[in-house]
Amino acid sequence: MRALCCILAVAFAVTLVAASTADNSAAVMRKLPENLKLGAATASFQVEGAWDAADKSESIWDTFCRIPGNIKDGTDGNDTCKSYEFYQRDIEMLKFLGVDFYRFSVSWPRVLPNGFANKISEDGIGYYSRLVDELLANGIEPVVTIYHWDLPQNLQDLGGWANPLIADWFEDYARVLFDALGDRVKTWVTLNEPKQFAVFGYGMAFCAPNIVSAGIGDYMAIKNLMVAHARVWHLYDKEYRPTQKGTIGIVIATDYREGASDSPEDIEAGKIAFDFEVGLYSHPIFSTTGGFPESVVKRIAERSAQQGFPRSRLPEFTPEEIEYIKGTSDFFGFNHYSTLFYAADSYKPGIFDIPSYNDDLGAVGTYGSYATTSVPHTTKIPGGIRKALNWVKDSYNNPEIMIFENGFGNLGGNNDIDRIDYYLAYLDAVLDAIEVDGCNITRYTAWSLMDNFEWNSGLSVKFGLFEVDYNDDKRTRTARASALWFKDLIATRTLDPDYEPRLEEIKF
Ligand code: BGC
């Protein structure tokens, strides 16, 4: 069913008050900066389904989903939105919203069934090529993530991100995409959220590939992915940028971390937590010194020595690697959902496995006095996004920041005023960061266009501007109140803190 109901034009009485003070808590309408592009995002495994269409091979998430108990509601990626089949409806939804761009990712095993570049799937690459063409034909810019967590299983069988040869394999895969799509795709993301796939996948039983090598395998993956990312940036920079003239960078989960109080110990605990969570990935690329942050290097080296390891569990970069990785992102790709607070005295030896990433980080994060909801990692703490944006600006000489994910998770319901409330508060903080603090932010992306497969929570957790009916073979998508809000935001380019949510029967 593709009944697109008529849309009533929304007339806004626009009273614009320029934001000029550091405290923008007063409810004022705010105009969005002209150069801020607005978009929505998804990722291949989370929306495509069709796990074995044509010659596609399995990804590590196909394997992970099959093991009972891994996914909370027992669903798997094949149950999701079926965008491989219905992508044209996704484009209609994007058009309806009026977005400037759509961020989606490519499934590596769909394009290279062997994982290696000796055999390119015509169906696989054809799918992405059509998606790109049809987006462009509809005036929507494609922003393509090369890797959003669905590694070919056969590469995992060879060690995946824990094998240093992944840098060769990743470069070969990226070359295939630049060759096939780079004439039309001008904004590329190499890796989405390295911490989440390296630490949750190689150090904790939380994500695929479920290699629970705590405090060892996760750090091996981190080092290798940094090198692999840099290889792809250099490849693009040298061989493709001169003709394709695009831009390419990494996306880092930049949820904020801070001390639980103003005591120097807590402030320090918050700083170290931020270095572990964000600096580990951003410092090698964006800092002038390069390499992993000193606080993290020192902490892991000390704990490793205490634990009897002959060398640090965090593999070192060679001096050549440090130089090679420095500067390898044209923008700071920034995902953000919430903030955690750390008290120095929350650490007690033995509360975490030894060794492990959490034990190395050495404090327990909480949401403090903020009310958590059914999806705690989207607890609404809007001040945190402004602080995180400022941290990027101050630490790295005000780089261009592209916000590539921000959004609110709940358990469903189409009159999602909680989601609108979250978006209003976070966008207000983003505007403070731009107008008051001078952060150089050029994109804002809603996660997510529609409900999709939320990793180990399966289909039970909802992030969509559009609801997806998983009981319907056609996976009908229905606009939530937040979809109408986002559409209005884009149409008026005005953030209205008193926005009156509305619902209309709009289905795709
Ligand atoms: C990931 C998405 C995920 C979202 C909401 C991000 O960590 O990039 O894939 O769905 O958060 O949890």
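Which strands does helix α8 lie across? Helix α8 (residues 194-202) lies across β4 (141-147), β5 (187-192) and β6 (247-253). This is a predicted model, with a mean pLDDT of 95 for the chain. Strands β4, β5 and β6 belong to a closed barrel of eight strands.

**Confidence**
- In this chain, 95% of the residues reach a pLDDT of 70 or more.
- Over residues 1-24, pLDDT stays under 50, although the model has 45 contacts for this stretch beyond four places in sequence.
- Where pLDDT is low, the predicted coordinates should not be read in detail.

**Barrel**
- The strand order is β2-β3-β4-β5-β6-β8-β11-β12, and the pairing is parallel.
- From one strand to the next, the twist averages 30 degrees.
- Three bridges link strand β2 (residues 37-41) with strand β3 (residues 101-105) in the parallel sense.
- Ala41 has Arg103 in β3 as its bridge partner.

**Helices across the strands**
- Helix α8 runs at about 50 degrees to β6.
- Helix α9 (residues 217-244) also lies across β4, β5 and β6, and runs at about 160 degrees to β6.

**Asn192**
- Asn192 sits in strand β5 and counts as buried because its relative accessibility is 0%.
- The side chain of Asn192 makes a polar contact of 2.8 Å with that of Arg103 and another of 3.2 Å with that of Asn335.
- Gly333 is 141 residues from Asn192 in sequence, yet their C-alpha atoms are 8.7 Å apart in space.

Conventions. Residues numbered from 1 in each chain as written. Predicted model: local features only at pLDDT ≥ 70, side-chain atom pairs only at ≥ 80, totals over all residues. Heavy atoms only, no water. pLDDT = per-residue confidence, 0-100. Contact = heavy atoms within 4.5 Å. Pairing = 2+ DSSP bridges. Helix = DSSP H or I, 4+ residues; strand = E, 2+ residues; numbered from the N terminus. Axes fitted to C-alpha atoms, helices over the stretch in contact; angles between N-to-C directions. Buried < 20%, exposed > 50% of the residue type's maximum accessible area, 1.4 Å probe, protein only. Polar contact = N/O pair within 3.5 Å; in protein donor to acceptor, adjacent residues only side chain to side chain.
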